[in-house]
Amino acid sequence: MKPMAGTSGGSLMTAREGSPFRGVGVIALKEAADHLSSARMHLIMALVLLTAIGAVYAAIGRLRDTTAEDPYLFLKLFTVAREPLPSFAAFLGFLLPLVAIALGFDSINGEYHRRTMSRLLAQPIYRDAVLFGKFLGGLLVIAIALLTLWLLMIGLGILFLGLPPSVADIVRSLAYLGATLACAGVWLALAIAFSAAIRSPATSALAALSVWLILTIFWGMIAPLLAGMIAPVDPLDPFSVLKQFEVQQSIARLSPQTLYAEVTAVLLDPGARSVGPLFMSQLQGALYGAPLPTLESVLIVWPQFSALVAAMILLFTVAYVVFQRQEVRA
């Protein structure tokens, strides 16, 4: 820190020297290494891996009856389900937020609990680097896990179906992985924000899980009730039904799980042309069952993907402001 002359009363204030992000890479790699070597992460990834293998194996059992003429057979590995197991995409959308919360709920208050925060900030690094490093470290671990699952699905698809994925399959599945990582980043940023605001790791974990439970399980029931109060149906106006549906859809999209489900439905189904009501104007000149180009599918869900990234940035900003205002010597 470098002393500077104050603007009033002859007081002094300090200015930071060097980049505030110096050391981000070191902290991110150290955080990722700690996660990958922890028993908690091993148990979580074992659960994810076993459930993913079960979902994919069940999907392969159903896809063996599908003709090899299907040009997007590989993508159906993500969406085809077989009772009692859900599809791979549904399973990932449900379990991945729990993985992100498990990685971030004690990232800040855990340092206070172990009494290592003051020693960490005594090094020549700023709080900015600490927070960014912890967030990027958790995101790196999730990215490694997603890439591993993706490569596993390619291997199982080639081994049991005998069909390698096409270039379009690869591009669509990679875009889906990007959206999945953005969704996980939202929950990771939420967990870190609670970790920065609440000193007890158990309480911050409970708060993050409560938000996840509301937005994942109950939000689908809350959205129609709110839409009915905001835009009630008028029996004399046939367009009021459509208006209420649009309001309900807007409210539902406040949940990252809804945004993620819409992205998944379009990217993994080339025949999908809309995330909402499909009008006749959208079908003009279209052949029944004809797939959309990959770029057009990406453009359809680009607002949803942008909303996930914006939510992640907003929640991380909240965590950043809270952490910057804390007294670390206490």
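Predicted model: local features only at pLDDT ≥ 70, side-chain atom pairs only at ≥ 80, totals over all residues.
Residues are numbered from 1 along each chain as its sequence is written, and side-chain values use heavy atoms, without hydrogens or water.

**Figure 1. Packing of helix α4 against helix α11.** Helices α4 (residues 88-104) and α11 (residues 256-267) pack at an angle of about 155°, with their axes 11 Å apart. That angle makes α4 roughly antiparallel to α11 (over 145 degrees). Axes are lines fitted to C-alpha atoms over the helical stretch in contact, and angles run from 0 to 180 degrees between N-to-C directions; helices are DSSP runs (H or I) of at least four residues, numbered from the N terminus. From α4, A89, L92, G93 and P97 meet Q257, Y260 and T264 of α11 (contact: heavy atoms within 4.5 Å). By class, this contact has 4 nonpolar, 3 polar and no charged residues; Ala, Val, Leu, Ile, Met, Phe, Trp, Tyr, Cys and Pro count as nonpolar, Asp, Glu, Lys and Arg as charged, and the others, Gly among them, as polar.

**Figure 2. Packing of helix α8 against helix α11.** The axes of α8 (residues 167-197) and α11 come within 10 Å and cross at roughly 175°. The two helices are therefore roughly antiparallel to each other. Residues of α8 in the contact include R172, Y176 and W187, and those of α11 include Q257, Y260 and T264. The contact of α8 with α11 comprises 11 nonpolar, 3 polar and 1 charged residues.

**Figure 3. The largest cavity.** The structure holds 1 cavity of 30 Å³ or more, and the largest cavity has a volume of about 70 Å³. On a 1 Å grid over the protein atoms alone, a cavity is a set of points where a 1.4 Å probe fits but cannot get out, and lining residues have an atom within 4 Å of a point; grid points are joined across faces, edges and corners, and volume is the space filled by probe spheres set on the points. Its lining consists of M45, V48, L92, L95, L96, V99, I142, A145, L146 and L149. Helices α2 (39-63), α4 and α7 (127-161) each give two or more residues to this lining, which divides into 10 nonpolar, no polar and no charged residues.

Technical notes
Parallel < 35°, antiparallel > 145°, perpendicular 65-115°, else oblique. 1 Å grid on protein atoms, 1.4 Å probe; cavity = no way out; pocket = protein on both sides within 12 Å on 5 of 7 lines; lining within 4 Å.
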